[in-house]
Structures are given as C-alpha cells and as structure tokens.
Amino acid sequence: MRLSALIRLNVNGEDHALAVPAQRTLLEALRYELGLIGSKQGCDKGDCGACTVLARPRGAAGRGEAILSCITLAHDAQELAITTIEGLAGPQGLDPVQRAFADCGALQCGFCQPGMMLSARALLDQNPKPTLPQIKEALSGNLCRCTGYTKIYEAVQVAAGLRSPAQRAPVRSERAEASDSVAQPVKEFAP
Amino acid sequence: MMTLPDLNVLRPASVAEAVEALRAHPGARVLAGGTDIVPNLKYGMYDTQHLVALRGLSGELRFVRESAGPGDLLLGAMCTVDELARSEVVKARLPALADACGQIAGPQLRRMGTLGGNLCLDTRCVYINQTHFWRNALGYCLKKDGTVCHVVAGGKRCVAAASNDTAPVLLALGASVKTVSPRGSRELPLREFYVSDGVHNTVLAPDELLTEVRVPAAAASRRQAFAKLRTRAAIDFPALNLAVALDLDGKVVRSVSLAVSALAARPALIKGLEDLHGRTADALFANELGRRAHKQCKPLTNIGIDPEWRRELLPVLVRRTVLRAIG
Amino acid sequence: MSIGERFPKSDGVVKADGSGLYADDIAFPRMLHAKILRSPHAHARIRSIDLSAAEAYPGVVATLVGSELPAKYGVIPWTQDETALAVEKVRHVGDAVACVAALDEQAADEALRLIRVDYEVLPSVLTPEDALAHPEIKVNEKAKVGNITKHVHLQFGEVDEAVAGAAAVARETYHYAGSTHVPIEPHCAVARMDADGNLTVWSSTQIPHYVQRELSRVLGLPQSRVRVIQPLLGGAFGGKSDPFALEFCVAKLAIKTGRPVKILYTREEVFYAHRGRHPMKMDVTLALDRDGRIAAVDNRILIDGGAYASFGLVTAYYAGQLLTGPYRFGTYRFDSYRMYTNKPPCGPKRGHGSVQPRFAFEVALDEAAAMLGIDPMEVRRRNFIGEFVETVNGQKITSNGFLKCLELVEEASGWKERHGGKLGRGRGLGVAGSMYISGTAYPVYPNEMPQSGVLVKLDRSGRVAIFSGASDIGQGVNTLLCQIAAEEMHCDPREVTVVAADTDLTPVDLGAYSSRVTYMVGLAAREACQKLAAKLQAAGGATFAEACQRAEAAEGAPLAATGGYRTQKLGGDYRGGTIGASPAYSFTAHVAEVSVDEETGIWKVEKIWAAHDCGKALNPTLVEGQIEGSVYMGAAEAQMEEMVYDEKGLLFGPSLLDYRIPTSLDTPELDSFIVESIDPGGPYGAKEAGEGPLHPAIPAIANAIHDACGIRIRELPFYPHRILKLLRERDARGARGKERAAS
C-alpha cells in the first residue's frame, strides 16, 4: 500500500475526496481515480497538450485557463476548480465549441481534441471574437496529427459566431473530363 | 505513463517556512510551476524525494510593483510568465521582457511557469533530458551519475545549456535578484547569479530561494529587443536567444548591453563593448555587435541543432535584433 | 444525408463530449499493469535473465520472458521474424526483453529496474551500407543472404539504350532520412481471459483480424477462442498495422495470472515500436526526349529497414512499383535492397514505400525539364498517362483526374504569373504530382476469402445495424457506412448503429492500410445494403420502419444481408506483379509556395494548394480532412522530422520535444480541392483519399525552394543549415561563373 493522503478536488463543479500519494498527477487522478477519461495522455511530460484541462482558483468566476494536468500534482490542484471536457456540456447539450468541432470535421481520431476544445473554450471565454492569428496562438500548445489544424480553426470560428456553420467551404469538386491531352498510353484496355 | 517515485512534498505557507524546509531536507528541490521539475522527475534526473512546493507563497511572491524612491520595477518570483507577458506595466516599461515571456514554451506552460522558475531553469542537454533507461544505454554523464561529457570529449566541466528566455533580457537590462536563506536575504546583480557549471548553474545555495527580481528604473528608457531562435514557433526551448539594450542620445549610443544564451551553462554578456559608446546607432554598428558576438560565442552539441549553423546565424540575429531595438 | 453530402461524423458526439473509449480508457476490477524491460544495446546475445529480485518486489504479481512465447510472428507470413520478447538475442536499442505485471504502474517500473540481464554485446550494423558490407554481422536470422530482407530487381525495356539516346538526363542521388508516425495516442492493449478459456484483447490496432491470427498462433490458442476488439483509436497512420509485443504480453500475463492486464506504452516506447518511413538512398536517372517526354527511368534504392521485416517485403516492391503513373513511360528499371540494421524496425507510414521515391522522381522531372527549358506544369501535362491504360509494370489505371488536379492548382496558385522567379528573390512556387493505390490485390496472407465483409441487419423499429470489421482510425469509415445505408435503403443515417472491429461479432476485414477501406469496405457495404433495399422496395410501406416490418413479415425471418469484396486478379504477370496492383488509383497535384531567408537558410511554407482525385467524395468533409492531414504530414517531413541515431544505435530524443511535429504556428495555409473522376469500379465512383494527398508535398516544396533561390535540395529534412550550405555553394558557382565570363 502506498502512503496516501486525503485530498479534495473540485472538478466540473463537483467536490471529490480521494486518497492519493503525493506523486499522483492530476491527470492520473482524473483518469484513474475519478473515471474522467476524457483528458488524455499523449506524452505525459507537457509536450503535446492532450491532457489540457481548465483551471481557476476556487471561487473565481469563469472556467479558467488552460493548463497541463500531466505535470500538475493532484495535491496542488486542491485550491483550483477544474473543468474537464466532461464538464463542458450542459443541460442544453454540447457546448458550442464541442458542437462546432463535431459538425465541422475537426474531429478525426479525436484523441487530441478534448485538450484542443478546452484550449479553444478558454480562448473564447477570454476573447469572444478572436482573429485567426489569435486562434493559432491559443492552440499552439496542442499538437494534432490528423487534421493539419485547418478544420479546427474553422470550428473555433463557427463556435465564436464568426462564421456560419452552413458557410462551409464549397466542394470545389470538379469532374475530370476524359482527357483530351495527347496521351500516349503504354497499352490501352477497355474500361 | 512515466511514473514518479514516492515523493514527500512539503507545502510551506511563507518564505520563511520554505527556506526552513529546504534547510531541513538537504537535497530537496523547489516546485514552483512544475513545468520543468515534474518532467525532469519523470525522467529520473533527480535523486531527491523531497520537494518544497511554493504554491502557498503566491500571496507573498506574486506581484509587479514599483519600489519606493528610485522607481525600480520589482517582480515577484511567483509571477507566471504569462501574466508578465500580458502585464500592461511590463509591456510598457520592459517590452523585451514581455516579448521574451510570451515566447516561452507554449500557452499552457506559460500559465503554469513562474519567473523564478524560469530564472532558475535547470540547464539542458540532449544527453541528459531523457529517461533513465536512455541515459543508462548511452552511458551516464557529468551532470548525473557519470564521469564523462558527451558534448566535449574529455571535458571535466558540464556544459549543459542555459535554456531560459528571461535571463538574457534581464541581464541586458542590468537586473538584480533578491534571495532569502536561513542566513538572511541578499541582493546580487543577475550577472553574478549564473556560473559556468551545467550541473548547477546558479550561485543559489541548496537552502536559498529566489524571491524577487529588481529591474532598474532606467531600463524603461532603454531601447530593447529580444530574439529567440527555435525550430518551431511554439513549445521549443531556444536554439539560441539574445537580448540587446541600448541607451541612445538621439542617434548616438551612450551604452549597449548584449546577452546571448543557449550556448553553455552560463548566459553570456558580450564583453568589451565600451569602445562602441559614442558610435552612431546604425547598420554598421549593428554589424559590429554581431561580429563580436560571433567571436565570443561558441554553440555546442548540447542542443540538437547544428552548432556551426547556429554560430553562423548569431551575427545575423544580433544585427537584426539591434536594428529592431533602434527602431 | 447520403452519398456526397457533408454528413457529420457518426462518432462525433462521443469524441466531442469525452465519453468515447480508447484503449487506455478501458479498465477492469483487479486489473494489473505491466511494463516491458528493453534492451540498452543495439545487438547483443542474452546470456541470462535474473528475475528473482523483481518477482520478490512488493506489488509484483507475475513476470514474463521470451522463452515463454517463442513462436515467431510478423505481419507478412513469409517474413515472420519477431518474438514478443527477445529469445536469445536483442536486435536494437529498445527491443523488448522481459515483462513485469504489478498492482500499479509505479511498482512495475520499479521492479523492472531490479531485473538483471547478462548481455554479451555483439558488433552491430547501423546503416544499410554497413549491413551490406558486413554479412557476417547477422542482424536477423530470417535473412537468407547476409542482411538482406528483400532484393527486388525489375526491368521493363532497354533502359541503358534509352538513357544513352535521350536529350536530357537528370542523374542524381537523393536521401530520405526516415520519419515516424507520432499518433497522439500511444499503443495500448488490455487482455482478459475468462473462466471458459476465451481470451479478449482490446488494442489500439489497425489490424484486429491479423492480431487475432497471430495471438492465436503465438499463444497456442484456437483462433475461435481469441477475440480482438479495436476501441476508438487515437491515430495510427500505419504505425499500428503490425502485431506488437504489448498485445502478446498482456494476453500471456492475463492467462498466467487469471487477472486482466494492461500495457500502455510510454511515448518513448512508441518510438522504439516505430514501423515508420524507411530511410532511403535513391540513385535516380530520369531521361527525357527532345519533346520532353519521359524516355526512361532508372532507380537504385537502398532501404534501411531496421531490425525486423514488418512490411519490408512490400516496401522493397513499392519503392519502384508505385512510380509508374501519373506519367507515361515505357522503359523502366528499378533495383531495391531492403536491409536489416540494428535499429527499431521500419514499416508502413502513410504513403508506404512511395513517398521517398516520389520525392526524388518529381525533383528529377523538374530538373530534366529545366535542361530543355520546359515549364514544370507543362512537362507533367505532356507526359500524362491517360485513363484506362496499363502502366509499364502492368498496373491498370482506370479513372484518372490528374490533368484536372494540375489545372486546379495551377489556377489557384496563379502559377503562370507567379512561377519562374517572378515572385522575386527568396520566394517561389513548385509543383509535383503523384499516384496512389486504393488497396491492393495482395491480401498479405494468401487466401481465397473476401478481403472485406459487411453484415447489415434491420430492426422493426427502423434501426439499422451494420457489422463491419473495418478499423475506423479516425478517417471516418464508420460514418461512410451510415451514408451508404442511407443512400441505398433511404433510412435516416443517424439511426444507424455501427458495430466495428470486433472479431467475435464482425465479419473479417483485413485492416486499415494501403488505403483499401473506402474502396473495399464501401463495395461490401453497398452490396449488403442493396440486397436489403430490394426487399424493402418489394415490401413497401409508408415509413422506413413500416417497410422493415413488412419485409420481415414477408421474409419470415430477421432481415439481414451480407456483402463482401473479393480480390480481383490484378497486376503484371511476373513475380511481384500483384504488389502495388490496385483496382483503382488516386491522383494528386500540389503547388507549394515557399519563402527562403537567404541569410539564414530558414524557410517557410507559406501555402500549399492540393488537388486530389478521389473518384467521388462520398463525404467531402472527410475527404478534405484527409487531404489537409496528408499535406500537413508531408510538409512536416520536409520541415522537421527525422529519426536520428548515434553510433551505438541509440535514438536521439525519443520524445515529442525532441522529435518535432508542427504546431498550429508551423503549419502552412492549406487549400484543398476535390476532383471527381467517378471511377467505374469504386463504390459510387470512389477511390482513396487517405495517403495519396501526402506525396506531392515534399517535392513541391523542394521545387518551390528551387524557384525561390535556385538551389536543388535532395536530402530530407530540408534543414536550414542544409539550405544555407547550398546557397553558399550556389554563390560560389556564381562567382566562379562571373570570373570565367570576365576572363
């Protein structure tokens, strides 16, 4: 049995009492003690942002700033009010950021996205109409390998009301006509 | 996950309690924002099990204020680098510092990391900032558990790189730091704070805490600029960084300071610039500063980016940064 | 919302609200955590392993060594050369040696340190050149000759003659240094054995069916007693299409302990698992006739494979077989060696085996065209191979929208006005094209069964259930299935449940690799849905649910149907002819715009325009996502990705801080265009979109750098220090030229 101490965490508006050793990180406490598996482990040392949660001092207004839970000790999180991805949705359903990410194709594998959505949420809480450079800057600590970030920016703009969901990039989809170039095939065959 | 060892984390409520905790646990390390020490602990880079957490000192040590009298700017060590980057006072009076703070790491890390933590950032090297498994496979080195240096063949002194972004700016601006220990408090110029030893590159005693940075009032009237070279535009530590500060009288240089870092363990203040006082602040002057920096600075393989290229870049970066400072 | 529409992803909500379960989110009561001990040596014989101290460590429940799992495995049946844990030898730094299962991860880690392994260090070979030169240093006993995993030599026509008689010949050597996938989710597997002897393994894998087969063989369990389930998966890109040590270890330990066991790789371990893009040295000769038509291509490729074969057999073929379009040439030769070396094994990474040669080819094409004063766009048009043609190596190209791709990026980038030094010193445009497979005829293990199967069931409520073996790795195949159902049966695509990638429940699908899924699974799903659509049509009804009820009544049994995709006979009639033979090929063209700071060598991709012929965009949002993600990944390889090893075979920087992938601030603006050539064979005309769009990024960037500052960079990554060196050489040549002109 490891030496543990009782701590109290406030996560998504709920108070939890748990006994964890001093070396337990906030990410481990969230995932393995509280069953909040939405925050992910990508690198476990602060390089990728997949573990991003929002934190504010207890009693402060708003949801707080984006921090990395894999390098925060659970004991140190006691004075904070934490919001994880599970806490973004409300009685009306998904948060506009979540809805926009789902609708705009910003979610491919989805693994980096809880962290990404929370960074976006923190940005919009503080700056409701961000410019594209500001969006890129705010998300620069969240690595994504699937999307090339393009649809993520779009989703943030939709969530901010800067772009309408229907205003998608038109499908610049062009039929390829049978080639009329002087093609010199090696060997033709019938389709 | 990379597991942490059993830790004993002490949580003092005041500076006095903090230094007493450090004294009582020789080898204990300081946990401020945790952005450097926690990853390094996961890498098994430190043997201690005792951490002295400074979160309880925010009340005492998180401030930006002016000193009585001379009007120096006093920055508490527990200010996060993000709040310094956004502070209207810092942006107005020390724009190069705000700029440097805004380029540290990535957004989340800036909200967690502190000024004190950045000034006391452990030195870095491609051969040390890895897991215990990796360092064992390579062969331990001077900085931890070994007797050889993988950067300098036959080297006896660790040359792991100073990798903080606030240090060059504060050096160029002539800042000083205040520390507290069981023996009392002292103030010393930042240029005396760093030493050329990659194992421990500051003069801080094991039971001594950095509490405050003082930037002279005159710094606000100096032309100043900061530059950081790194592969990516976020997250990465510097491959090179530098800061310049000038006193100009019209177009004439009254004084100039230039600091360059991410070389070896000690941020370098470029020496012998006094003869440039009285020169015109122009492109020739900027070139000359670059030339001198190139002469005095030798990047090493402690950072995994071609050192010869970095050395070639230095005069270009210096020149461009000086021209930016001049405006 | 059916085919061709932007139907939001069917798993969007569970990914957005954080409730979706990835492998590490799965836990069971009494579950143990296991950790793997790895070799610190590149090549060593294991004299002994002493587990006693580890076994006695508090919290440790069981241990495992290689001799308990001696059966060899490997994704390709002819090159099964791996064991779950080392048996007798370790072959690279990071090779798995022993495993400890404990009550928590910390205890497992601490116990690992107590394992004593007595190694006899052996000489190692770390480059393919050394591996060739030292056959006596045998990396892997599977190699029949020295350290050669595979040697392929194929020739079509009289190459030397054609080259000798050509008007312009570009003959240069290119180097690609090797990169890795970096999925944000590390590998993770959980195993549980029930009291009846049924084993279940949840794993972050692209190939649940192969994992099932290999688990069965290595553990000595009947395949019918092994169940593999792929939960939500956090990125793969080819890095999870081999069976891995952790899967066998959790399974064996679950059997040994009678408790569930989990292994989650650390990020460092993901680097040692690797299976990334092979380093290649390529000597490329590309010859043009007077009119700029390709007269011949000759390619010698030396491939660095690492310590195990993985897909290396295929890599040796792909390196040459996938270059024969979109341009026509009738004379071709390639010679490739894939070598074993004492490093983490390489394997398939998005655009397996063809990204590197495509880089070399497209730069060579530009270079040869420049010798004749032909514009890069024009030379590509002139050599367009056409539709419904056969390539020189016997691959049948069906639909081909490449010309349209070129046209779109030419127009969007303002090529005519802006290319050719017109943007001023330090800024330029470059173009490149490519072709890729939509799956291959080659099913990895020989069998006559369908490569893909889908089962569709209709409920009286109108709910549709689709059982698909396909791996959704984020590309959205599960979403496509909903759309196909809606298209054929006119149900609501939001009322479709997809049960995927569970070997107990779903038909076999071979896996998400070689971009086979849209094409093959799409056709299988369409077949099943069409069968049901016919019955629904015949039954009639005011609503879909009513039609389901009437049809079930008419059937007298539950309404269900299956569909399959049967591999066609494709490819040239020679050994290896099927490898790279695809039922349909996709086509891509990129234009890249770069800026180069000539004082420092620091360069930036400002923008990439990418046009991709995917046949038919079944879901344009998903296709755009694949194009954008692919372009990002290609640009990343050009900018900053490299697996660097020291002289002892130790990987420099196995972390995301040292091995860098671009952040939002490092990613160029991406403009993607979809071209629809409506393939006659693909489902609704669709072809692949997952890998093809990556290929032209690297050469387009290289060609743009040439436009910007007149240098040819032939070595990846395009580090600033390499650019600066080439600029200096250019200036020295220029100075010499002026001297000569003056004298």
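Predicted model: local features only at pLDDT ≥ 70, side-chain atom pairs only at ≥ 80, totals over all residues.
Residues are numbered from 1 along each chain as written, and chains are lettered from A in the order of writing. Local features need pLDDT of at least 70, side-chain atom pairs count only at pLDDT 80 or more, and totals for chains, interfaces and linings use all residues; side-chain values use heavy atoms, without hydrogens and water.

Select chains A and B first. Here 35 residues of chain A are in contact with 27 residues of chain B (contact: heavy atoms within 4.5 Å). The buried area is about 2,600 Å², with 56% from carbon and sulfur atoms (accessible area, 1.4 Å probe, that two parts lose on being put together, summed over both). Within chain A, highlight A:Gln23, A:Lys45 and A:Ile71, which lose the most area to chain B and together give 23% of what that side buries.

Next, display A:Asp76 and B:Arg55, whose side chains form a salt bridge at 3.6 Å, N to O (a side-chain nitrogen of Lys or Arg within 4 Å of a carboxyl oxygen of Asp or Glu). Across this interface the rule finds 6 salt bridges.

Then turn to the largest nonpolar core, of 338 residues (buried Ala, Val, Leu, Ile, Met, Phe, Trp, Tyr and Cys joined through side-chain atoms within 4.5 Å; buried means under 20% relative accessible area, 1.4 Å probe, protein chains only). A:Phe101, C:Ile701, C:Ile705 and C:Phe718 have the most contacts inside this core.

Centre on C:Phe718: beyond its neighbours within four places in sequence, its contacts include C:Phe359, C:Trp603 and C:Ile723. Finally, select C:Cys491, C:Ala528, C:Leu532 and C:Phe544, which belong to a second, separate core of 40 residues.

Notes:
Buried < 20%, exposed > 50% of the residue type's maximum accessible area, 1.4 Å probe, protein only.
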